[in-house]
Amino acid sequence: MFKYKDKILNVVFYILMFIVLLAVFFAVYNFVSLRILKKNYTDFFGYTFFEVASGSMTGTIDIGDVIIVKINDDFKEDDIITYRVSDDFITHRVLKKEDNYVVTKGDSNNNVDNPVKYDMVVGRVVKIIRNVGVWQKVIMTPKVFISILITFMLFSIYFSKRGRDVNG
């Protein structure tokens, strides 16, 4: 009976370690892209992501949601796109496409945005992940983050000691 518990704990531990290593990889890749290579956003195989910071699309996209954007200029009317104005990224719905410009508007805004040139468009929103900002704030709280690190260290010590005890 204990052998099954040990196997389950081993599988859970390795899954958690894989998730942590994957998160660390993405964090490092993101850091290198933005800080060292001085890119405006990170490109993950033709996709990027942004955390929503304003309520201009409330109802469709809320503050704290994360959006995944397919980087391209392939969009049509009624799609939601992200575009860059100065140092800001804006995510609004396409109302009209013209020759060199696109007209957008936030779902919760009363006014239409100034026309945006096509070369300012990052891409089309393909996925909205709800409330990621809340989880990020919780996990990155120092007490929670330190608790998670200590838990992983204790798991690691337990499994390395357990392995030595079993193998002699």
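Glu-98 is partly exposed, with a relative accessible area of 36%. In this predicted model, the side chain of Glu-98 forms a salt bridge with that of Lys-96, with an N to O distance of 3.5 Å. Lys-96 is also partly exposed, at 41% relative accessibility. The points below cover the other charged pairs, and then the chain as a whole.

**Salt bridges**

- The structure contains six salt bridges.
- Side chains of opposite charge can pair when their charged atoms come close.
- Asp-78, Arg-93 and Asp-107 belong to one network, joined by salt bridges that share partners.
- Within the pair Asp-107 and Arg-93, the closest N and O atoms lie 2.9 Å apart.
- This pair links distant parts of the chain, 14 residues apart: Arg-93 sits in strand β4 (residues 88–97), and Asp-107 sits in the loop between β5 (101–105) and β6 (116–117).
- Asp-107 has a relative accessibility of 30% and is therefore classed as partly exposed.
- Another salt bridge joins Lys-76 to Asp-79, where the closest N and O atoms are 3.5 Å apart.

**Fold and overall shape**

- The protein chain has three helices and seven strands.
- In sequence order, the elements run α-β-β-β-β-β-β-β-α-α.
- The radius of gyration is 22 Å, well over the 15 Å that the globule rule gives for 168 residues, so the protein chain is more spread out than a compact globule.
- Along the principal axes, the C-alpha atoms fill a box of roughly 75 × 35 × 30 Å.

**Burial, surface and contacts**

- Of the 168 residues in the protein chain, 23% are buried.
- The chain exposes about 12000 Å², and carbon and sulfur atoms supply 62% of that area.
- Among contacts in the protein chain with a separation of 6 or more, 48% are between residues 24 or more positions apart.

**Charge**

- The protein chain carries 22 positive and 18 negative charges.
- The mean position of the positive charges and the mean position of the negative charges are 13 Å apart.

Terms used: Residues numbered from 1 in each chain as written. Predicted model: local features only at pLDDT ≥ 70, side-chain atom pairs only at ≥ 80, totals over all residues. Heavy atoms only, no water. Helix = DSSP H or I, 4+ residues; strand = E, 2+ residues; numbered from the N terminus. Rg over C-alpha atoms; globule rule 2.2 N^0.38 Å. Buried < 20%, exposed > 50% of the residue type's maximum accessible area, 1.4 Å probe, protein only. Contact = heavy atoms within 4.5 Å. Areas by Shrake-Rupley, 256 points an atom, 1.4 Å probe, with all protein chains shown as cover. Lys, Arg positive; Asp, Glu negative; His and termini not counted. Charge placed at Lys NZ, Arg CZ, Asp CG, Glu CD. Salt bridge = Lys/Arg side-chain N within 4 Å of Asp/Glu carboxyl O.
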